[in-house]
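Student: I'd like to go through this one with you, from the overall fold down to single residues. Can we take it a step at a time?

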Amino acid sequence: MASGLACALDGAVAQEPLPGKTPAPRAVSSASRRFLVTGLDPAAAMSLAVAAEEAAARLEAILRRPIPFARNQPVIFSARRDEKTGRGLVVKGQGWTDRGLAQELEIVNVEQVDQEDLLEALSWLLANRYLAARQTAASRRARLAETPEWLSAGLAQNLYQSLRARNARLALKQWLDGKPMSVPEIVALHYLPAGRWSEKAFCGVLTDWLLSSPAGLNVWDRLVAILAVHTPVTAPGLAEVLLGKNDPRELEKHWELWLAHQMQIRRMGKASEDDPVKELEAQLVIRPEEWPELESLELPETLTLAQLIEHREEKWMPSVAWRLEIGIRHLSLGRDKAFQRVLDSYGAFVSALAPRKTPGLFGWFRRLRPNDVALRKRLEAAGRSLEEYRAVRGERIRFVNQAEAGFFGGAPETDDMLRRIPRSQLQRYVDAAEGNLPP
């Protein structure tokens, strides 16, 4: 399936001018001037520049550190056609010049380039800027530090929720099949070939774990400090960063627990995890057979909140209202403030059904309950707040889906990555990559 980026640029590539016929398209710069695109028509170039700005902003958000961009040192995207190659390629390169850091992404046959290859290459260059900023001037001139590709690919795989969800599913499946990757296996992947591979999914999950660890902000800063002096990141080194002790076996235990945590998340159920509204709606329907206070009574199979008003004088109402209020307010854990306001509305209604008694004069006032009309007005107000939230959430989901599908995100299937890199192919790629290193 064509990538979102490829789809966006298809029309522009088809209109690329022939050599000697018309002048080449002018370079287009992003709004911040951090990215420069050449070789595409203005509309396609601007689309790519905007996508790069968005990816950079997402990277800054997950690292909680601004990318060290110096003035007049943009990342350059250069697109060209190559009929002989017959496939899409992304070639990344960087160097230190008299003018400072020079970085370029050459995109060959853009309509055939996989969006994830492009995103991973861009993430590699952007991550390297943190390292270059940490190096001394002499060290930069001698050799620029580079991010290992397990880490840059892992960062790329965490920029979009659709990629994170897919990778978690794949890692979970491999773990359940008894074929997970260990930390030493992952951090040994200094170079990764193009394409969608299971190894990259594990790189994404490992990076997610590192950035989510209790060590917090210090993890990225310490990784930068290690890599800036050309020291490889190893399992013992990660154990030191995360656990404060050189104990790879203990690190591996924590890694296994993290993978098990993915299993726990899956067991929670997609419906309630993905849609808090459905979870609330389930709470708002009372099934007497599930309540010890009600199971022996002659009541309808289900009771709505409106029907509870009719039973407000029953002896069992205070207990039911109390438990119902707790269940509703418990749904606020980890939810946004708008949804919490909806829960507050329903919680206030249920609380008013049977106010809890408190001692003293204040308790006497608390026992003054609103009448049925006032209760119904509260319930109607809570219903309106829920409908408003449902509409806003629906718009938010549609916006995010469109934004993520536009370029690098999309909704890739797990099956696309259910394959490991053949050992021979990986070895050839590593040999070629190491052969291009400066002496």
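Predicted model: local features only at pLDDT ≥ 70, side-chain atom pairs only at ≥ 80, totals over all residues.

Student: How many helices and strands does the protein chain have?
Tutor: The chain has 439 residues, and 43% of them count as buried. Its secondary structure comes to 19 helices and 5 strands.

Student: What share of the contacts with a separation of 6 or more comes from residues 24 or more positions apart?
Tutor: Start with the surface: the chain exposes about 23200 Å², with carbon and sulfur atoms supplying 53% of it. As for contacts with a separation of 6 or more, the share from residues 24 or more positions apart is 69%.

Student: On to the sheet. What is the order of its strands?
Tutor: The sheet is open, has 5 strands and shows mixed pairing. Its edge strands, each pairing on one side only, are S1 (28-29) and S4. Reading across, the order is S1-S2-S3-S5-S4.

Student: Do S4 and S5 pair in the parallel or antiparallel sense?
Tutor: A hairpin joins S4 to S5 through 2 residues. Along the pair, Leu89 has Val108 as its bridge partner, and Gly95 has Ala102. There are 9 bridges, and the sense is antiparallel.

Student: Let's do charges. How far apart are the closest N and O atoms of Arg81 and Glu111?
Tutor: Side chains of opposite charge can pair when their charged atoms come close. A search of the whole structure finds 17 salt bridges, and the one between Arg81 and Glu111 has its closest N and O atoms at 2.5 Å.

Student: Why does that pair tie together separate parts of the chain?
Tutor: Arg81 sits in the loop between S3 (75-80) and S4 (89-97), while Glu111 sits in the loop between S5 (100-108) and H3 (115-134). Arg81 is partly exposed at 32% relative accessible area, and Glu111 is partly exposed at 22%.

Student: Are Glu116 and Arg166 buried or exposed?
Tutor: These two form a salt bridge, with the closest N and O atoms 2.8 Å apart. Glu116 lies in H3 and Arg166 in H6 (residues 161-176), so the pair ties together parts that are 50 residues apart in sequence. Buried means under 20% relative accessible area, and Glu116 is at 2%. Both residues are buried.

Student: Which residues are linked in a network of salt bridges with Glu116?
Tutor: Glu116 also forms a salt bridge with Arg196, the closest N and O atoms being 3.2 Å apart. Glu116 is in H3 and Arg196 in the loop between H7 (183-187) and H8 (198-212), so this pair ties together parts that are 80 residues apart in sequence. Arg196 counts as buried at 13% relative accessibility. The residues linked with Glu116 are Asp114, Arg166 and Arg196.

Student: Now the backbone. What is phi of Arg33 near?
Tutor: Most residues other than glycine have a negative phi. Arg33 lies in the loop between S1 and S2, and at 64% relative accessibility this residue counts as exposed. Its phi is positive, near 65°.

Student: Where does Arg64 lie?
Tutor: Arg64 is a residue other than glycine with a positive phi, near 55°. With a relative accessible area of 48%, Arg64 is partly exposed. Arg64 lies in the loop between H2 and S3.

Student: Last one: what separates the C-alpha atoms of Val373 and Ile309?
Tutor: Val373 lies in H18 (residues 372-406) and is exposed, with a relative accessible area of 52%. Val373 and Ile309 are 64 residues apart along the chain, and their C-alpha atoms are separated by 9.7 Å.

Notes. Residues numbered from 1 in each chain as written. Heavy atoms only, no water. Helix = DSSP H or I, 4+ residues; strand = E, 2+ residues; numbered from the N terminus. Buried < 20%, exposed > 50% of the residue type's maximum accessible area, 1.4 Å probe, protein only. Contact = heavy atoms within 4.5 Å. Areas by Shrake-Rupley, 256 points an atom, 1.4 Å probe, with all protein chains shown as cover. Salt bridge = Lys/Arg side-chain N within 4 Å of Asp/Glu carboxyl O. Pairing = 2+ DSSP bridges.
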